[in-house]
Amino acid sequence: MTAFIKRYPQWVVVLLSIVLVGSYWLAWADDRYVSKATVVLESPQVSSSSDVSFGSLLTGTQANSDLLLLREYLMSVDMLKKVQEALDFRAHYSQHGDVFARLGGADAPIEELHDYYLKRIKVEMDEYAGVLNVEVQAWTPEFAQKFAQLLLDEGERHMNEMGQRLAEEQVQFLNKQVALLEGKFEQSRQDLLDYQNQHGLISPTQTVESLNTVVSSLEAQLATYKARKSALASYQSQRSSEMVRVESEIKAIENQIALEKERLARQSGSALNSVSSQYETLQLRADFAKRTYSNALAALENTRIEAARKLKQVSILQSPILPEYPEKPERLYNVTIFGLVMIFLGFIFSMLVLIIKDHRD
């Protein structure tokens, strides 16, 4: 035996390691219970009749993105603190279990505690099925089930808060903007009414168009009478009754045209074209204020619908089970893997020793 140890010390170390580690896994390591759950995130299907698209808070593949966010939160220090408050994580994992598997101490710093926390939970996303698989290891089946249920409840609450926070801020902002735009719309409409009352015109633009039509009609009549006068002058004297009547008609039409043009250019001391221009400006402002106010109302309603869409419900496909037998540690699997690794390392060391001896010879 002594000769074997001296000749093959590496294999002695390998065998001794396998025996010691195997003894730990097979006889000493305490049982751990695993509670499993499978969940999926769902949002309410709310349809919007608004034509205004306010956009989404998150981009990309929404379902996978939400599941990844939920996964990161479940594995975060904040989640650990909530588990500690609700279930006293430190006490359970420091008072149970064997010396190698339990928490080092109830007063362990948060960094060490979080590292241990990550060893006792497993959160994986199945991208093909679009679900999140949650596994929790604990020293008792009841604690494992409560632990897993707490993760699901807090995860759902966090996703709802995160999804609604920005939407609520947007709703508050839009409420203020709607109130402001409503005031501007009312003021622009009142300015338009005051301007109409001040000048006694419902629509100066239409008045200008009507006057232009009258002037055009009079100018057409004037041209007709002038042509008639030219025709009469070819065979009648300037003092004939017919010529005098035509000239009177021409003069009356010219006076009327001048009167209408003067009215068009100056109405109650103000140029009608200037009045019309100012009226159109006020009309444009009123129309713009109306459209802006209408769009803001539509955006506000659409944002409220988006806030409802951002509610995330953690739908449980597999509720956290109450374990009936311990699944961890996987004793035979761990011993087998450790033994294979040590034997592989033993062969490598033996080969190195033979190579060294060959070089010496």
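## Overall make-up

The protein's secondary structure consists of 11 helices and four strands. Helices here are DSSP runs of H or I with at least four residues, strands are runs of E with at least two, and both are numbered from the N terminus. This is a predicted model, in which local features need pLDDT of at least 70 and side-chain atom pairs count only at pLDDT 80 or more, while totals for chains, interfaces and linings use all residues. Residues are numbered from 1 along each chain as its sequence is written, and side-chain values use heavy atoms, with hydrogens and water left out.

Of the protein's 361 residues, 34% count as buried. Buried means under 20% relative accessible area, exposed means over 50%, and partly exposed lies in between (1.4 Å probe, protein chains only). Among contacts with a separation of 6 or more, 80% are between residues 24 or more positions apart, where contact means heavy atoms within 4.5 Å.

## Strand β3 and its partners

Six of its eight residues are buried, so β3 is largely enclosed by the rest of the structure. Strand β1 (residues 33–42) runs antiparallel to β3, joined to it by seven bridges; two strands pair if DSSP finds at least two bridges between them. Within this pairing, Val 39 has Leu 132 in β3 as its bridge partner.

Strand β2 (residues 121–126) also pairs with β3 in the antiparallel sense, over six bridges, and Lys 122 stands opposite Glu 135 in β3. The two strands β2 and β3 form a hairpin with four residues between them, and Gly 130 in the turn has a positive phi of about 70 degrees. Also worth a look is Gln 137, in strand β3: Gln 137 counts as buried, at 14% relative accessibility. Setting aside neighbours within four places in sequence, Gln 137 is in contact with Arg 32, Tyr 33, Val 34, Tyr 93, Lys 119, Arg 120 and Lys 328.

Which residues of helix α6 (residues 110–120) are buried? They are Leu 113, His 114, Tyr 116, Tyr 117 and Arg 120. These residues cover an arc of only 165 degrees around the axis, which puts them on the same side of α6; the arc is that of the directions from the helix axis to the C-beta atoms. On the other side of α6, Glu 111 and Lys 119 are exposed.

An α-helix has 3.6 residues a turn, so residues three or four places apart point the same way.

Tyr 333, Ile 337, Leu 340, Val 341, Phe 344, Leu 345, Ile 348, Leu 352 and Ile 355 make a nonpolar surface patch of about 850 Å². Patches are made of residues with over 30% relative accessible area and no salt bridge; like charges are joined within 9 Å, and nonpolar side chains (Val, Leu, Ile, Met, Phe, Trp, Tyr) within 5 Å. Leu 352 lies in helix α11 (residues 331–360) and is partly exposed, with a relative accessible area of 47%.

## Salt bridges

A salt bridge is a side-chain nitrogen of Lys or Arg within 4 Å of a carboxyl oxygen of Asp or Glu. By this rule the count is seven. One of them joins Glu 254 and Lys 226, at 3.8 Å from N to O. That pair links distant parts of the chain, with Glu 254 in helix α9 (residues 241–265) and Lys 226 in helix α8 (residues 204–233), 28 residues apart. Glu 254 is partly exposed at 36% relative accessible area, and Lys 226 is partly exposed at 41%.

Another salt bridge is formed by Glu 72 and Arg 71, whose closest N and O atoms are 3.1 Å apart.

## Backbone details

Most residues other than glycine have a negative phi, and most peptide bonds are trans. Two spots are worth checking against that background.

Asp 88 is not a glycine, yet has a positive phi of about 55 degrees. Asp 88 sits in the loop between α4 (77–87) and α5 (89–95). Lys 328 and Pro 329 are joined by a cis peptide bond, with omega about -5 degrees; Pro 329 lies in the loop between β4 (313–318) and α11. Lys 328 also forms a salt bridge with Glu 330, with the closest N and O atoms 3.8 Å apart.

Methods. Areas by Shrake-Rupley, 256 points an atom, 1.4 Å probe, with all protein chains shown as cover.
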